[in-house]
Amino acid sequence: MALLKILHFPDSRLRTKAKPVKEVDAKIQNIITDMFETMYMAPGIGLAATQVNIHQRIIVIDVSENKNQPLCLINPNIISVDGQQSTEEGCLSVPGVFEQVQRAENITVQALDKNGKQLTLTADEILSVCIQHEIDHLNGKLFVDRISSLKRQRIRQKLIKQQRNI
């Protein structure tokens with residue numbers, strides 16, 4: 001197991017569209033293990049492979065209070081959406097920033113699990129938001145793309161300044 005480096009906005013690698021996983025093998029399972037370790041240590045509730053500079057369609061999530069319900073989705077695809085909700089979101093790639101974002105309230109997603117088995121999952125509340133947020137990452141999008149350009153530019157400048165001071 002290894003901690004992976006999380007990329008921070010405005011790093012252009014966060015804009016890379018992830019490619020589908022062709023085969024769930026030991027290499028992919030090791031990536032998943034490392035992603036969970038990285039997410040838990042950050043600490044966060046979701047992490048997309050794109051955020052750790054791995055451009056494959058893998059996300060890991062654990063929205064449980066005790067961090068004991070890990071969920072891995074490989075090649076996730078949202079097949080239905082219903083309703084709308086506005087939720088305050090944050091992101092490990094945009095540290096210290098929280099903004100209201102509009103998302104679907106309920107979703108159904110198809111994916112492969114960590115063993116390569118097909119699964120269909122219906123999600124609501126925070127799990128729905130988290131899955132949508134992480135799938136955005138796989139598509140080269142960030143939650144700041146869903147807010148006003150003025151707010152996004154201010155966040156960008158703030159993070160660039162912080163990175164210079166490190």
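## A lysine in a loop

Let's start with K67, which sits in the loop between strand 2 and strand 3 (71-82). Helices (H or I, at least four residues) and strands (E, at least two) are DSSP runs here, numbered from the N terminus. K67 isn't a glycine, yet its phi is positive, at about 55 degrees. Its relative accessible area is 34%, so K67 counts as partly exposed; that label covers what falls between buried (under 20% relative accessible area) and exposed (over 50%), with a 1.4 Å probe and protein chains only.

## What you're looking at

This is a predicted model, where local features need pLDDT of at least 70, side-chain atom pairs count only at pLDDT 80 or more, and totals for chains, interfaces and linings use all residues. Residues are numbered from 1 along each chain as its sequence is written, and side-chain values use heavy atoms, leaving out hydrogens and water.

## An asparagine with a positive phi

Now for N53, in the loop between strand 1 and strand 2 (58-61). N53 is not a glycine either, but has a positive phi of about 60 degrees. With 34% relative accessibility, N53 is partly exposed.

## Two cis bonds

On to the peptide bonds. F9 and P10 are joined by a cis one, with omega at about 15 degrees. You'll find P10 in the segment before helix 1 (26-41).

A cis peptide bond also links A42 and P43, where omega is about -15 degrees. P43 belongs to the loop between helix 1 and strand 1 (46-48).
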